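Colleague: I am still new to reading models like this one. Please take a close look at the pocket with me, and then go on to the charged side chains.

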Amino acid sequence: MGWHDVTIHGLSVQPTDDILPRLLLDLDYIVRWVHPVPPATYFSFWVSPATLVFEDVFDLEGDLDFRGVDVDLEIDKVHRLVPTDDRPNFAHCPFWHIEGQAFDLKFRASGFRQYFRQTPRLVSRQALPLGERGGCAFTERGFS
């Protein structure tokens, strides 16, 4: 999966009955980039609102930089890194690094799941208008 240029609309850290919480991201996932067909000069995109859920999250840290006018959280890269520390009880939890435009998140988590909440739509922008996507949500159920 690739998350380049995906917009994050919301972030939630949810407690669980277990010790470790979950990290949920409400995003507009770009399912496919569509190359322009002449005379068009711009890409179009198949986009779906989605919930990305990381399980068993710990060592969460991050930075936000909203000094400019644009406050969109847009992902540049997501890295999954192998742990190099000596914490044997958490060897199953890799490091995750989400690099973005104006933000940076680092944490450990045992894994992730992603739920597509609507059928992807062909649009001219990389993010859906808030009203069309059903606002901000963290629903963990796919569309049917």
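Modeller: Happy to! Ten residues line the largest pocket, and those nearest its centre are Thr7, Asp72, Glu74, Arg125 and Ala127. Before we go on, please keep in mind that this is a predicted model, in which local features need pLDDT of at least 70 and side-chain atom pairs count only at pLDDT 80 or more, while totals for chains, interfaces and linings use all residues. Residues are numbered from 1 along each chain as its sequence is written, and side-chain values use heavy atoms, with hydrogens and water left out.

A pocket here is an open set of points on a 1 Å grid over the protein atoms alone, where a 1.4 Å probe fits, with protein on both sides within 12 Å along at least five of seven lines; a lining residue has an atom within 4 Å of a point. The largest pocket holds about 190 Å³ of space, a volume being the space filled by probe spheres set on grid points that are joined across faces, edges and corners. Its lining consists of two nonpolar, four polar and four charged residues. In this scheme Ala, Val, Leu, Ile, Met, Phe, Trp, Tyr, Cys and Pro are nonpolar, Asp, Glu, Lys and Arg are charged, and the others, Gly among them, are polar.

A contact means heavy atoms within 4.5 Å. Asp26 belongs to strand S2, residues 22-34, where a strand is a DSSP run of E with at least two residues, numbered from the N terminus. How accessible is Asp26? Its relative accessible area is 0%, so Asp26 is buried; buried means under 20%, exposed over 50%, and partly exposed in between, using a 1.4 Å probe and protein chains only.

Asp26 also has a charged partner. Side chains of opposite charge can pair when their charged atoms come close. In the model, the side chains of Arg133 and Asp26 form a salt bridge of 2.9 Å, N to O. These two come from distant parts of the chain, with Arg133 in the segment after S9 and Asp26 in S2, 107 residues apart. Both Arg133 and Asp26 are buried. A salt bridge, by the rule used here, is a side-chain nitrogen of Lys or Arg within 4 Å of a carboxyl oxygen of Asp or Glu. The structure has eight of them.

One joins Glu55 to Arg22 at 3.3 Å, N to O. Glu55 sits in strand S3 (residues 44-55) and Arg22 in S2, so to speak distant parts of the chain, 33 residues apart. Both ends are buried: Glu55 has a relative accessible area of 17%, and Arg22 has 12%. The other salt bridge runs from Arg22 to Glu140, at 2.4 Å, N to O. Because Arg22 is in S2 and Glu140 is in the segment after strand S9 (121-123), this pair ties together parts that are 118 residues apart in sequence. Glu140 itself is partly exposed, at 29% relative accessibility.

Gln14 lies in strand S1, residues 7-14, and is partly exposed at 25% relative accessible area. Pro21, Arg22, Leu24 and Glu140 are touched by Gln14, again leaving out residues up to four places away in sequence.

Asp56 is in the loop between S3 and strand S4 (58-64), and has a positive phi near 55 degrees without being a glycine. Most residues other than glycine have a negative phi. Asp56 is partly exposed, with a relative accessible area of 24%.

Notes: Helix = DSSP H or I, 4+ residues; strand = E, 2+ residues; numbered from the N terminus.
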